[in-house]
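I opened my notebook to look over a structure that was new to me. Here is what I looked up, entry by entry.

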Amino acid sequence: MDINKLVKKCQKNNREAQSKLFHLYKDVLFALSLKYCKNYDEAEDNLQDAFITIFKKIHQYNFKGSFEGWIKRITINKAIDKYKKTPFLDVKLDENKITDTTIDPEMVKFSLNELLALIQELPDRYRLVFSLYELDNYSHKEIAEMLNISEGTSKSNLHRAKVILKTKIMSNTNCLKKIAISNGQ
């Protein structure tokens with residue numbers, strides 16, 4: 001079925017069309033929710049909240065631009081809204097204390113699920129900024145506006161997220177090397 005026809009039926013509160021739309025996009029939006037939420041359960045809650053908002057506001061979609069982009073933005077905003085209640089510290093990054101956050105990809109063998117789990121362990125503010133910047137290509141200016149923080153705070157939170165992730169990745173990599181060595185590999 002043509003997506004525009006499906007959306008028009010949803011705008012008329014057609015339950016069958018809403019079900020089709022849900023099943024068409026639930027996996028994409030759930031994967032997106034996982035990037036912004038702490039865990040699986042929270043991502044499921046976010047997915048449900050996003051679809052409630054999508055169906056409440058679907059009459060506002062004007063068929064200009066990508067429908068998928070429109071619903072992804074709603075899903076991201078739903079996840080962010082949960083964390084806006086917790087105040088962000090407005091901290092500037094001290095340029096003299098910048099730590100190298102690069103990792104040699106040859107040294108590290110992690111699955112996508114393992115990396116996602118590490119990202120989900122980040123403190124809320126770091127996870128949100130990291131996901132927005134690194135995974136969804138938002139600029140620091142856009143992130144600052146979305147999260148009501150300064151651009152400097154966005155940059156600082158991104159850097160701190162990378163430092164934490166590098167530490168966790170290198171720690172896990174070193175543990176794996178020790179296990180391999182102790183097993184005679």
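Which residues are exposed on the other side of α7? I found K141 and E145 there. Exposed means over 50% relative accessible area, buried under 20%, and partly exposed in between, with a 1.4 Å probe and protein chains only.

**Ground rules.** I noted that this is a predicted model, in which local features need pLDDT of at least 70 and side-chain atom pairs count only at pLDDT 80 or more, while totals for chains, interfaces and linings use all residues. Residues are numbered from 1 along each chain as its sequence is written, and side-chain values use heavy atoms, with hydrogens and water left out.

**Overall layout.** I looked up the secondary structure and got 8 helices and 0 strands. Along the sequence the pattern reads α-α-α-α-α-α-α-α. Helices (H or I, at least four residues) and strands (E, at least two) are DSSP runs, numbered from the N terminus. The chain has 185 residues, and 36% of them count as buried. I also looked at contacts, meaning heavy atoms within 4.5 Å. Among contacts between residues at least 6 apart in sequence, 71% join residues at least 24 apart. The chain exposes about 11200 Å², with 51% of it supplied by carbon and sulfur atoms. These areas come from the Shrake-Rupley method with a 1.4 Å probe; for residues, only the protein chains shown count as cover.

**Helix α7 again.** I went back to residues 140-147, which form α7. The buried residues there are H140, I143, A144, M146 and L147. They sit on the same side of α7, because they cover an arc of only 165° around the axis. That arc is taken from the directions from the helix axis to the C-beta atoms. Just after α7, I found N148 with a positive phi of about 55°.

**S154.** Is S154 buried or exposed? It is buried, with a relative accessible area of 0%. S154 belongs to helix α8, residues 151-182. I listed its contacts, leaving aside neighbours within four places in sequence: V129, H140, I143 and I149. Two of these, H140 and I143, are among the buried residues of α7.

**Core.** I looked for the largest nonpolar core and found 45 residues in it. Such a core is a set of buried Ala, Val, Leu, Ile, Met, Phe, Trp, Tyr and Cys residues joined through side-chain atoms within 4.5 Å. L21, L29, F67, I76, L132 and L147 touch the most other members of this core. At least two of its residues come from each of α1, α2, α3, α4, α5 (112-120), α6, α7 and α8. The largest share, 8 residues, is from α2. I then checked F67, again leaving aside neighbours within four places in sequence. F67 is in contact with I3, V7, L21, Y25, I58 and Y61.

**Salt bridges.** How many salt bridges does a search of the whole structure find? I got 9. A salt bridge is a side-chain nitrogen of Lys or Arg within 4 Å of a carboxyl oxygen of Asp or Glu.

- K20 pairs with E16, the closest N and O atoms being 3.6 Å apart. They are 4 residues apart in α2, so about one helical turn separates them. E16 is exposed at 55%, while K20 is partly exposed at 41%.
- D49 and K82 meet at 2.9 Å, N to O. D49 lies in α3 and K82 in α4, so the pair ties together parts 33 residues apart in sequence. D49 is partly exposed at 29%, and so is K82 at 30%.
- K162 and E134 also meet at 2.9 Å, N to O. This pair links K162 in α8 with E134 in α6 (residues 124-135), 28 residues apart. K162 is partly exposed at 25%, and E134 at 31%.

**Loops.** I finished with two loop residues. N13 lies between α1 (3-11) and α2 (15-36). N13 has a positive phi of about 60°, although it is not a glycine. F63 lies between α3 (40-57) and α4 (67-84). F63 has a positive phi of about 65° and is not a glycine either. F63 is partly exposed, with a relative accessible area of 30%.
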